[in-house]
Amino acid sequence: MAKMNLLQAVNSALDLAMAKDRRVVCFGEDIGKFGGVFRATSNLQEKYGRERCFNTPLTEQGIAGFAIGMAAQGHVPVAEMQFADYIFPAFDQIVNEAAKFRYRSGDQFNVAGLTIRTPYGGGIAGGLYHSQSPEAYFTQTPGLKVVVPSTPYQAKGLLLASIRDPNPVVFFEPKRLYRAAVGEVPEEEFEIPLGVAEVVKEGSDITLLAWGAQMEYLQAAAAMAEAEGISCEVIDLRTLLPWDVDTVARSVKKTGRLLITHEAPLTGGYAGEIAATIQEHCFLYLESPIARVCGMDTPFPLIHEKEYMPDQFKIFEAIKRTMNY
Amino acid sequence: MSGNESKITHKLRMMSGFELPIDTLSLLKPDGSLHDGAKAPKLSKETALRIYDTMLFIRVLDERMVAAQRQGRLSFYMTCIGEEAAVIGSAAAFEDHDMIMGQYREHGALRYRGFPTEQFMHQMLSNSKDLGKGRQMPIHYGSRALNYMTISSPLATQIPQAAGYAYGQKLDGKKACTLVYFGEGAASEGDFHAGMNMAAVLKCPTVFFCRNNGYAISTPSEEQYAGDGIAARGVGYGMQTIRVDGNDVLAVFAACVEARKIAVEKQEPVLVEAMSYRLGAHSTSDDPSGYRSKDEEEKWRSVDPVLRMKNWLIAKKWWAEQQEKAVLETYRKEVLDTLKATEKVPAPALEEIITDVYDQPPAHLQQQLAELREHIAKYPEKYPKTAQGVK
Ligand SMILES: Cc1ncc(C[n+]2csc(CCOP(=O)(O)OP(=O)(O)O)c2C)c(N)n1
């Protein structure tokens, strides 16, 4: 084990993946010599050469399409989108092409090796265009896997699993935690299976569910609630598509209550999908409506970032409301 | 002649991307004298001094704001150091009623049109007097009054929009055009190609101005494109095209006067590629020592576009060294005083979080704001910027 921050964990996963498999190739804007604007790809070009770790021209559409082509050919591209806010020029390539490659060709062709990594989320004084959490646009796309780690340990294990998964994966990295989250991570390689949620803490009164950067707020709120005698079960979803319905439903059947939080706007957000599914599975067990604590239905503001964020105080208040329903 | 009328040949021969190298127009030497055979554009003393005055202001603003960022008074900043001639020289060739759509490094063009110092500060400090209501990061200016479209961070999105805006100007019979700026990095985006092609085919009065400053964050132009730069693409799309020395204010101005004339009189697009160098870091979040040499930077420092213009002005006896000191002092004081005063302006009111999402905030947004107010009233110490207003 070693102490790593989330960036170092991502770097370590990429390093090990490239060392083990010559077909793994990393590319994106400024990721070469410079190591990426956040330094997730530091030293990879030095170690593996310019052919396997390189700067691309500034075109997300090009990066995604290029990655799809490489993956269809049998390589294992790990493409970086500099910010999740800038994934939209690549949207067509990702949702219409990568996601449907296998289906439309009757599995004559697929993009098994494709992984797209991208830093997402707010809390960094980034305003409208450096703070978005666009995961829900991708969770509505059959054929993709969508993964969001919340700790350095998860970042490494989930990224290695994503790179080796035989399906295209969009991997959202919580950039607010890049340097802020530090933890013990094995130096050697390991994988965390995709599609499996993690029960972070057991409890009996209410199930609290989140993923990525929002886990930090969720745990802070759980601690506040525990101090008032409310026993919280905390679950980290980790993979959003396909998601672990069983673990969440099992927990809600035990606690009778569910609160979901995400940073993306409420309307059309992924919490809505989860809530609908869980009420289907757990209707007779529910003791209060499923609560959602989410971003507002506005673009991500700069000056009012603190107000906008679904933080621990808002989650704590919602826990109390749910308990007292 | 269009492609399907091309001359027939019977010999197989490939053409290289470097076979039609496009010349670079350069008029002014670094010492301020004209190159042999160069003809200076018609540039009045008044306009020349206004360009130069804007350059001095922008240098002061850039230097002071970078310092302010390091002191933690500002979250972020981007300079246009090294590109003043390209940005301000081009803006000076257009009329106030022409639309400008910038990328983000063109605050010189905005200043040339008269954007007041305090408005720069209000935007950078995200306060209640910011025209953009404190929603965007520093340097994302915009001014309806000055025909300067508000900056959007996603790169190149303004390029096809500029074609459309110009087409609208054309349909209205306006004697006006749209000037759109972008970097050689942004010119790799699909939006660039889409916008250029639309403008060429639909004959839009758009002037596409590429600031080729050698880098896109850490990526040097050799890793951005192969072949003869951005200008060749203008030719490829069937557009009038010129490449200029971007550190030569006379060349930039002359090219843009001509470009505007073609756009407005012939109603068709023009591409201008200005070759320059980004002397500073990409932004205050960047450290260029990780990807380029001091030697390279020094080489470009020696052809500083502001110094070059000063030498020319002094040679013409329109300017004197002593005047410069006084102007710089005045601007330094103005910038610092304004920054200090602006820091006292309060943040925008909490309501601004839901206004302008639509023309009117729909019911669900009003409800979300009401819930937020109630929450802040419960935890005033956690939201100090807005707690005052909700008691
Ligand atoms: C679509 C998109 N992708 C990535 C970015 C991040 N980004 C901001 S500036 C920049 C480099 C731009 O380079 P260039 O267009 O050459 O302009 P310069 O900064 O050199 O003036 C990048 C990659 C962005 N803003 N938008």
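Pockets and cavities were computed on a 1 Å grid over the protein atoms alone: a pocket is an open set of points with protein on both sides within 12 Å along at least five of seven lines, a cavity is a set of points where a 1.4 Å probe fits but cannot get out, and lining residues have an atom within 4 Å of a point. Grid points are joined across faces, edges and corners, and a volume is the space filled by probe spheres set on the points.

The structure is a predicted model, in which local features need pLDDT of at least 70 and side-chain atom pairs count only at pLDDT 80 or more, whereas totals for chains, interfaces and linings use all residues. Residues are numbered from 1 along each chain as its sequence is written, chains are lettered from A and ligands numbered from 1 in the order in which they are written, and side-chain values use heavy atoms, with hydrogens and water left out.

At least two lining residues of the second largest pocket are supplied by each of β14 (291-295), α11 and α12 (312-323) of chain A and by α12 (363-378) of chain B. Helices (H or I, at least four residues) and strands (E, at least two) are DSSP runs, numbered from the N terminus. The largest share of this lining, eight residues, is that of α12(B). By class, twelve lining residues are nonpolar, six polar and eight charged. In this scheme Ala, Val, Leu, Ile, Met, Phe, Trp, Tyr, Cys and Pro count as nonpolar, Asp, Glu, Lys and Arg as charged, and the others, Gly among them, as polar.

One cavity of 30 Å³ or more was found; the volume of the largest cavity is about 40 Å³. A:Tyr120, A:Ser133, A:Glu135, A:Trp211, A:Gln214, A:His262 and A:Glu263 line this cavity, giving two nonpolar, three polar and two charged residues. Because domain 1 (2-185) and domain 2 (198-324) of chain A both contribute to the lining, the largest cavity lies between them. Domain bounds come from an automatic or database domain assignment. Chain B is likewise divided, into domain 1 (24-343) and domain 2 (350-389), and the centres of these two domains, taken over C-alpha atoms, are 38 Å apart.

The ligand is located between chains A and B. It is surrounded by 22 residues, the closest being A:Glu60, B:Tyr104, B:Arg105, B:Asn213 and B:Tyr215; a residue is included if one of its heavy atoms lies within 4 Å of the ligand. A polar side-chain atom of A:Glu60 is 2.5 Å from a ligand nitrogen atom.

Two backbone features were noted. A:Leu241 and A:Pro242 are joined by a cis peptide bond with omega of about -10°, and A:Pro242 is in the loop between β12 (239-241) and α9 (245-255) of chain A. B:Lys203, although not a glycine, has a positive phi of about 50°; this residue is in the loop between α6 (190-201) and β5 (206-212) of chain B.

The model scores ipTM 0.95 and pTM 0.97. Mean pLDDT, the predictor's confidence in each residue from 0 to 100, is 98 for chain A, with 100% of residues at 70 or more, and 96 for chain B, with 99% at 70 or more. Among the elements of chain A, helix α11 (residues 305-308) has the lowest mean pLDDT (97) and strand β10 (residues 206-210) the highest (99).

Conventions: A polar contact is a pair of N or O atoms within 3.5 Å; within protein, one must be able to donate a hydrogen and the other to accept it, and residues adjacent in sequence count only if both atoms are side-chain atoms.
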